[in-house]
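Look at the sequence and the fold first, then read on.

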Amino acid sequence: MAHAAVYVGFPVPQLLGGASRIFRTHSALVLLRHSAFCYCTVNGTIKSKRKMDHLERTANNFRQEVISQAKVCGIAHESETVRRLRLAITNKDFTFKAGQWVDFFIPGVSVVGGFSICSSPGLLKREGILELAVKRAAHPPAHWIHTECALGSEVALRVGADLHGYREGKGNGYEMGTVKLYYSVKNTGELLFKTNILGLMRAFPGKITCRFHLTQQRSQICEELQPHVTEGRISEKDLGTHVSKDTLWYICGPPPMIESIAKLLSSIGVPRNSVFFEKWW
């Protein structure tokens, strides 16, 4: 039987890369999809009194041995606070699977970044290109991307969190489950990848659906988005309709958002072993 999984977090890198993180005052998304990224699970208490850097936080995660040089070949502004980088990968042995992230090494910056990949493995295979979507922050790697990174800048990448133990099927090919995406932002200007998401819904009718939750929209909503828009935050009622024994929930975003959503899920009867999340900050 195909499982479903709910994701809460920043904008859609795993969904867009595979087929797919900000709540409270930032953007947020909840995604219901087939598959479980078990190797991204964080066990034990959620709360942390001390901020750890990326390498310390992910020290126990599997990493590929390959470290590849890459050159920035494209920079796009997905919103006022998010930049998308296109990176030309020089190492032909560099590979990744949908849902993975990279260690991001910047010359002259001692702190290593950790960013989710928002492009597909197919793009890397066809064009040698990998894409990252990075939100503006004071964290040194993100700050560099938003203030110093330019076309031609050289960096290095290493893939982490390899899902090498995961199998989609047992000889019968891929069986796609259903996807329900709840994506909450202040206004439509913060809806990253909305064109891609709408395209996925058209390509997989009945399999992939989305509700865009807008909390502070002041202007008129375009006709294309209107059928998929809900005013207000993602609620307990929204998530409660998807609770079942086959549903897996994935949360990604700032610790306060993770704690808030985890408590909400617990209150509506979701067992702890069905909830997965990453901590990046």
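Buried means under 20% relative accessible area, exposed means over 50%, and partly exposed lies in between (1.4 Å probe, protein chains only). This is a predicted model: local features need pLDDT of at least 70, side-chain atom pairs count only at pLDDT 80 or more, and totals for chains, interfaces and linings use all residues. Residues are numbered from 1 along each chain as its sequence is written, and side-chain values use heavy atoms, with hydrogens and water left out.

Q: How many residues does the largest nonpolar core have?
A: A nonpolar core is a set of buried Ala, Val, Leu, Ile, Met, Phe, Trp, Tyr and Cys residues joined through side-chain atoms within 4.5 Å. Those with the most contacts inside the largest one are L87, I89, F94, F104, L130, L132 and L157. The core's size is 23 residues.

Q: Which elements each supply at least two residues of this core?
A: Helices (H or I, at least four residues) and strands (E, at least two) are DSSP runs, numbered from the N terminus. One helix and several strands are on the list. The contributors are β3 (68-77), β4 (82-89), β5 (101-106), β7 (129-135), α4 (140-147) and β8 (154-160).

Q: Which residues does L157 touch, not counting residues up to four places away in sequence?
A: Contact means heavy atoms within 4.5 Å. L157 is among the residues with the most contacts inside the largest core. Its partners are V66, I67, S68, A70, L87, I89, F94, V102, D103, F104, F105 and L130.

Q: How many residues are in the second, separate core?
A: This core includes C118, I208, F212 and L225. Its total is 20 residues.

Q: How many of the residues of β5 are buried?
A: β5 is largely enclosed by the rest of the structure. The count behind this is 5 of the 6 residues.

Q: Which residue stands opposite V102 in β6?
A: Two strands pair if DSSP finds at least two bridges between them. β5 and β6 (residues 109-116) pair in the antiparallel sense over 5 bridges. Their hairpin has 2 residues between the strands, and G108 there takes a positive phi near 85 degrees. The residue opposite V102 is F115.

Q: Which residue stands opposite W101 in β8?
A: β5 also pairs with β8, in the antiparallel sense over 5 bridges. In that pairing, W101 stands opposite G160.

Q: How far apart are the closest N and O atoms of E127 and R86?
A: A salt bridge is a side-chain nitrogen of Lys or Arg within 4 Å of a carboxyl oxygen of Asp or Glu. E127 lies in helix α3 (residues 121-127) and R86 in strand β4, so the pair ties together parts that are 41 residues apart in sequence. E127 is partly exposed at 48%, and R86 is partly exposed at 26%. The closest N and O atoms are apart by 3.6 Å.

Q: Is E131 buried or exposed?
A: The side chains of R86 and E131 meet in a salt bridge at 2.7 Å, N to O. R86 in strand β4 and E131 in strand β7 are 45 residues apart. With a relative accessible area of 7%, E131 is buried.

Q: Where does R202, the partner of E224, lie?
A: The side chains of E224 and R202 meet in a salt bridge (3.5 Å, N to O). E224 counts as partly exposed at 48% relative accessibility, and R202 counts as exposed at 56%. E224 sits in the loop between β10 (208-214) and β11 (229-231), 22 residues from R202 in helix α5 (residues 194-203).

Q: What is the angle between the planes of F104 and W144?
A: Rings of Phe, Tyr and Trp (its six-membered ring) pair if their centres lie within 6.5 Å; planes under 30 degrees apart count as stacked, over 60 as edge-to-face and the rest as tilted. Both F104 and W144 are buried. Their pair is tilted, with 6.4 Å centre to centre and an angle of 55 degrees.

Q: Which strand holds F212, the ring partner of Y183?
A: Y183 and F212 form a tilted pair, 6.0 Å centre to centre and 50 degrees between the planes. Both residues are buried. Y183 lies in strand β9 (residues 179-185), and F212, 29 residues apart from it, lies in strand β10.
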